[in-house]
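Please walk me through how to read a few features of a protein model, giving the general idea before the particular case.

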Amino acid sequence: MSEEPRTTQEDQDGEGVRDFEERLRRLLAEDAYAIRPAPAPYPVIRRRGVLERRRRLAVAGLALAVLAVAPVGAYAWTGGTGGRGDGPAAKPSADAPRSPSPTAAATPAGPGRPATPGQLLDGITFEQAADGLAECLAYGREGDTTAGAEALGVPADYRLLLALRSTGDSNSPGDGRFLVAASASHRLICKLVDGEVTALNTSGGDLSGDGPGPVFPDMNGGKLYQQSFLDRGRWKLPFRWGAVGAVEPSVAKVTVSYGGATARAVLDHGWFVAAGVLDRQVTAAPHVKGYDSSGKLVYDSDHDPSYQRTLP
């Protein structure tokens, strides 16, 4: 009887290992796909990319907004000097003393401007004429303390009508300037030499005089167009002259002829104003004429008994 081969424990262990390896190989061959890397989650990645792009656009928009307000920030940094500062302006603490906000100094109101620039002659500016008017009114108040002087009012009550150079003569030496201004109740003619008032003439109440017609040459206006009678025939030439007077609303045109030349007067809020330059001696006063809107002559100083047609 033959004897069967004996199987040792070592043989059994070797067969077990071989069986395990065989099964492992089959599993690896059959299920290889199970250990491949998982496919990339494309929808998730795309969604994250869109969100990231939106976030970056939002940040860029914020940066543009910051740049838009940068000029204000730059001004705060430089302190408004235009130079580059060392850092942002420090905020004042709650306990820091606050300086009072500046308030505009109250500036006294000045006179009204003339109707045309041509009423300010010989380089006299409106500011110079306004300052001169203030001096003239102060001179009137200081020279007479009566109610009449106080009633002259303040510069804001007046409109400047004329400013021109004045020529000194034997009765009133020293060249200077004349100012003519009018308020609702007063007319003044003032002479200044070297900034000081040397003469002041005022008229109040009814300024129309007694002349016939709607034009009323100022009865004291001779100061503007004549030199002293002491210098008759020996006037200083050339001589700047002026003429003023009241007019009614119906008057559309006024002309003034003097020394062979005729000038059309400016009509300024109820007044006529004319000026010119004499280059020769004269003995007749300015000839004034007024016309209505149709061109009809409504006033002629040659026919006005209250008007002095010859010079003294």
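This is a predicted model: local features need pLDDT of at least 70, side-chain atom pairs count only at pLDDT 80 or more; totals for chains, interfaces and linings use all residues.

Q: How many disulfides does the structure hold, and which residues does a disulfide join?
A: A disulfide is a covalent bond between the sulfur atoms of two cysteines. The criterion used here is a pair of cysteine sulfur atoms within 2.5 Å. The structure holds one disulfide, joining Cys136 to Cys190 with an S to S distance of 2.0 Å. Cys136 belongs to helix H4 (residues 126-143) and Cys190 to strand E3 (residues 186-193), so the pair ties together parts that are 54 residues apart in sequence; helices (H or I, at least four residues) and strands (E, at least two) are DSSP runs, numbered from the N terminus.

Q: Which hand does the disulfide of Cys136 and Cys190 have, and why?
A: The torsion about the S-S bond of Cys136 and Cys190 is about -90°, so the disulfide is left-handed.

Q: Are Cys136 and Cys190 buried or exposed?
A: Buried means under 20% relative accessible area, exposed means over 50%, and partly exposed lies in between (1.4 Å probe, protein chains only). Both Cys136 and Cys190 are buried.

Q: In what order do the four strands of the open sheet stand?
A: Two strands pair if DSSP finds at least two bridges between them. The four strands form an open sheet in the order E8-E7-E11-E12, with antiparallel pairing. Strand E8 (261-264) and strand E12 (297-300) stand at the edges with a single partner strand each, so one side of each is left without a neighbour in the sheet. Between E7 and strand E11 (residues 287-292) the antiparallel pairing runs over six bridges, and Val256 has Val288 as its bridge partner in E11.

Q: Where is Val251 placed, and which residues does Val251 touch?
A: Val251 is in strand E7 (residues 251-258) and is buried, with a relative accessible area of 7%. Not counting residues up to four places away in sequence, Val251 touches Pro214, Val215, Leu267 and Tyr291, where contact means heavy atoms within 4.5 Å. Val251 and Asp292 are 41 residues apart in sequence, yet 4.7 Å apart in space, C-alpha to C-alpha.

Note on methods: Residues are numbered from 1 along each chain as its sequence is written. Side-chain values use heavy atoms; hydrogens and water are left out.
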